[in-house]
Amino acid sequence: MKRGLATLILALLTALPAHAASCSWSARMEEDEGGSVMMASVCGGPKGDAHLMLACFGKPVLSYDLGAAGGQLEPGISGSFTFKAGDNSLTKKLELEAMYNYFTTELSGPADPLLSLLRGKGEVTVSADKYGAATFPLKGSGAAIGKVLAECGKGSGGEAD
């Protein structure tokens, strides 16, 4: 999974700037070492340079790029991030994918509470004491996340663990 995730993140680094201006959810196929992978993503934060990305490598994997606010982070770190949308919030531990400077977490599956929160309306704010906060729109998130989840378990993308 790690190598597939790293390759997918590399693909996103080249693909995301073209979509940064709109900062709305989108889902599309991205190339990975193991084939094509459906990826949902959105930009946000004060400068529009932070990103949330969702892919599926057997289970849904959420990545959070802090953008310029993150700077260069130390390998091997993790952080507790709070996701708040409307009256709902939850805190999740994310691990740094040091090669690409993104925090990632594997979700339990389509019914994961974080995915339910991200499918809501309005906006979601992701915050951590050490890294500040970034806000992302949720408009279109349900459809984009649904496309990724529809691909979960179909054997596309990533590598077997």
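A disulfide here is a pair of cysteine sulfur atoms within 2.5 Å. By that rule the count is two. Before the details, some conventions. This is a predicted model, where local features need pLDDT of at least 70 and side-chain atom pairs count only at pLDDT 80 or more, while totals for chains, interfaces and linings use all residues. Residues are numbered from 1 along each chain as its sequence is written, and side-chain values use heavy atoms, with hydrogens and water left out.

Disulfides, then. One joins Cys23 to Cys43, with an S to S distance of 2.1 Å. The angle about its S-S bond is -120°, and the link of Cys23 and Cys43 is left-handed. Cys23 sits in the loop between α1 (2-15) and β1 (26-32), and Cys43 in strand β2 (residues 35-44); they are 20 residues apart, and the pair links distant parts of the chain. Helices (H or I, at least four residues) and strands (E, at least two) are DSSP runs, numbered from the N terminus.

Another disulfide connects Cys56 and Cys152, S to S 1.9 Å. The torsion about the S-S bond of Cys56 and Cys152 is about 120°, so this disulfide is right-handed. With the bonded cysteines numbered in sequence order, the pairing reads 1-2, 3-4.

Are these cysteines buried or exposed? Buried means under 20% relative accessible area, exposed over 50%, and partly exposed in between, using a 1.4 Å probe and protein chains only. Cys43 is buried at 4%, Cys56 is buried at 7%, and Cys152 also counts as buried, at 19%.

Next, the packing. A nonpolar core is a set of buried Ala, Val, Leu, Ile, Met, Phe, Trp, Tyr and Cys residues joined through side-chain atoms within 4.5 Å. The largest one has 36 residues, of which Leu52, Tyr64, Phe81, Phe83, Val124 and Phe136 touch the most other members. A second, separate core has seven residues, including Val37, Met39, Val61 and Tyr102.

Contact means heavy atoms within 4.5 Å. Leaving aside neighbours within four places in sequence, the contacts of Phe81 include Tyr64, Leu66, Leu90, Phe103, Val126 and Tyr131.

Tyr102, from that second core, is found in strand β7 and is buried, with a relative accessible area of 2%. Tyr102 and Met53 are 49 residues apart in sequence and 9.9 Å apart in space, C-alpha to C-alpha.

Asn101 is placed in the loop between β6 (88-97) and β7 (102-106), and is buried at 15% relative accessible area. Which residues does Asn101 contact, leaving aside its neighbours within four places in sequence? They are Asp65, Gly71, Gln72, Leu73 and Leu96. For Leu73, the backbone nitrogen lies 3.1 Å from a polar atom of the Asn101 side chain.

Last, confidence. pLDDT is the predictor's confidence in each residue, from 0 to 100. The chain averages 83, and 81% of the residues score at least 70. Over residues 5-21 the pLDDT is below 50, although this stretch has 38 contacts in the model beyond near neighbours in sequence. Residues 156-161 also stay under 50, with 18 contacts beyond four places in sequence. Where pLDDT is low, the predicted coordinates should not be read in detail.

How values were computed:
Polar contact = N/O pair within 3.5 Å; in protein donor to acceptor, adjacent residues only side chain to side chain.
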